[in-house]
Amino acid sequence: MTRFSAWTVFWNGLTGQKGWGRQWRDPEPKSHYDVVIVGGGLHGLATAYYLAKNHGVTNIAVLEKGWLGGGNAGRNTTIVRSNYGRPGNREFYEESLRLWENLSHDLNYNVMFSQRSHIALLHSPGAIDAAARNYNTMRLTGTPDAEIWDLPTLKREVPHLNYSATARFPIMGAAVQKRAGTARHDAVAWGYARGADQLGVDILQQCEVTGVKRTEDTVTELETSRGPITAGKVAFAVAGNTSRLWTMAGLGRLPIESHKLQAFVSEPLKPLLDQVVVFGVGGAHFYISQSDKGGMVFGGDLDWYKSYAQRGNLPMVQDGCEAAMSILPCLGRVKLLRHWSGVVDMSMDGTHFICKTPLSNLYLNAGWNYGGFKASPASGWYFADLIANDRPHERIQSFDLKRFERGIQIDERGAGPDPKLHG
Ligand SMILES: Cc1cc2nc3c(=O)[nH]c(=O)nc-3n(C[C@H](O)[C@H](O)[C@H](O)COP(=O)(O)OP(=O)(O)OC[C@H]3O[C@@H](n4cnc5c(N)ncnc54)[C@H](O)[C@@H]3O)c2cc1C
């Protein structure tokens with residue numbers, strides 16, 4: 001497999017781009033693996049990569065019912081940040097951001113991580129005080145780049161927002177994380193797939209798990225669309241389909257609901273917005289950035305009804321475009337190019353699960369919603385550690401299913417210090 005470098009890019013440029021081979025194999029399924037990971041999204045692929053790289057487990061299969069990145073991995077708005085407030089979440093997301101900062105080098109694959117700043121607009125003195133408290137907490141607990149900007153600073157950095165004093169929600173300042181930004185979601189999936197494949201992992205696309213056979217406390221076999229597969233250990237990383245797999249394993253109900261989350265992209269524009277900007281006040285919930293191709297990429301709230309449909313709908317178009325017009329009226333005549341939806345697995349406190357399950361050889365990675373893209377490196381890292389060592393690392397001890405029984409939720413709505421400061 002080609003190792004990417006400035007030299008290989010230069011050489012292939014000279015020789016008609018004929019030297020690029022396949023980036024990962026397309027193997028036939030084996031009947032048995034040491035570890036089978038169900039779900040070829042970011043979390044499944046990252047887990048396979050770190051299991052092989054950090055723990056030397058290489059007899060692994062990743063089973064994906066469709067194609068790599070066809071789920072939420074390839075549908076999100078790609079925002080990466082670590083401005084979380086709750087103990088446990090804070091350290092986890094900061095660690096994930098640190099992994100992002102070296103990910104392209106680690107994978108030898110350009111994931112186009114662009115640390116362009118995450119700017120959450122503030123619209124009242126109370127919001128500024130609350131953000132200052134939360135961003136000071138970030139600084140005190142290991143995130144050095146938390147800043148509060150006053151209005152003159154914000155106007156200098158992002159001049160074309162709607163600064164009208166008569167706006168329904170006048171802009172008064174912003175909470176900023178400069179190391180935050182965006183990445184290319186497909187590239188992350190492909191980079192992890194390529195990295196895992198190089199270490200011997202079998203990535204099996206078009207391989208749907210249709211049934212789970214078990215004894216009282218162990219998974220014995222997975223029924224798949226490409227034949228039965230047995231495994232020493234089984235890991236679920238299927239995002240919006242978690243409840244379905246959980247039911248197949250006969251495990252009852254999970255504290256998870258599957259909701260639609262939509263995203264939108266406009267026609268390409270000349271460079272307009274260098275940062276990720278978030279607007280969330282008075283019922284609005286909106287985040288926007290500009291892709292490298294020029295499209296304005298934006299998203300908002302969940303559809304708020306439960307569904308497995310991966311399609312958009314017009315009420316959310318209206319919602320998103322109204323919010324866009326409130327803060328960036330210059331977008332008024334821009335055409336919308338595409339919109340789509342993914343199915344996110346919302347947990348009841350907004351925080352994820354990386355944990356063991358009632359079955360001794362089954363492990364769960366789920367409950368990702370707004371934070372699932374940014375979390376994928378740390379999620380894969382610690383899920384791999386859990387599977388390899390059969391005990392949770394102290395970093396993920398609070399992300400278990402029992403936290404609801406204990407009454408110790410990590411109540412963050414998947415959002416960050418303020419539910420409205422995210423994306
Ligand atoms: C519109 C939208 C915008 C978002 N924006 C952001 C953002 O800006 N920042 C952020 O951090 N997060 C964001 N997210 C959340 C993030 O994308 C998800 O939390 C994350 O991608 C989920 O993990 P994943 O990539 O592993 O999931 P997926 O990519 O959904 O992977 C799960 C895989 O499991 C497969 N699967 C399901 N059932 C089976 C089965 N029975 N057998 C085999 N395979 C199966 C699916 O086909 C799928 O490929 C957004 C999500 C959406 C939908």
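A: A polar contact is taken here as a pair of N or O atoms within 3.5 Å; within protein, one must be able to donate a hydrogen and the other to accept it, and residues adjacent in sequence count only if both atoms are side-chain atoms. In the side chain of Lys374, an N or O atom is 2.8 Å from an oxygen atom of the ligand. The side chain of Asn76 likewise places an N or O atom 3.2 Å from a ligand oxygen atom, while a nitrogen atom of the ligand lies 3.1 Å from a backbone N or O atom of Lys65. The ligand taken alone exposes 1,000 Å², of which the protein buries 97% (Shrake-Rupley method, 1.4 Å probe).

The model is predicted: local features require pLDDT of at least 70 and side-chain atom pairs pLDDT 80 or more, whereas totals for chains, interfaces and linings use all residues. Residues are numbered from 1 along each chain as its sequence is written, and side-chain values use heavy atoms, with hydrogens and water left out.

In total, 38 residues surround the ligand, each with a heavy atom within 4 Å of it; the closest are Glu64, Ala73, Thr77, Asn369 and Tyr370. By class, this shell holds 17 nonpolar, 16 polar and five charged residues (nonpolar: Ala, Val, Leu, Ile, Met, Phe, Trp, Tyr, Cys and Pro; charged: Asp, Glu, Lys and Arg; polar: the others, Gly among them).

The helices α2 (42–55) and α10 (372–389) are among the elements that give two or more residues to the shell (helices are DSSP runs of H or I, at least four residues).
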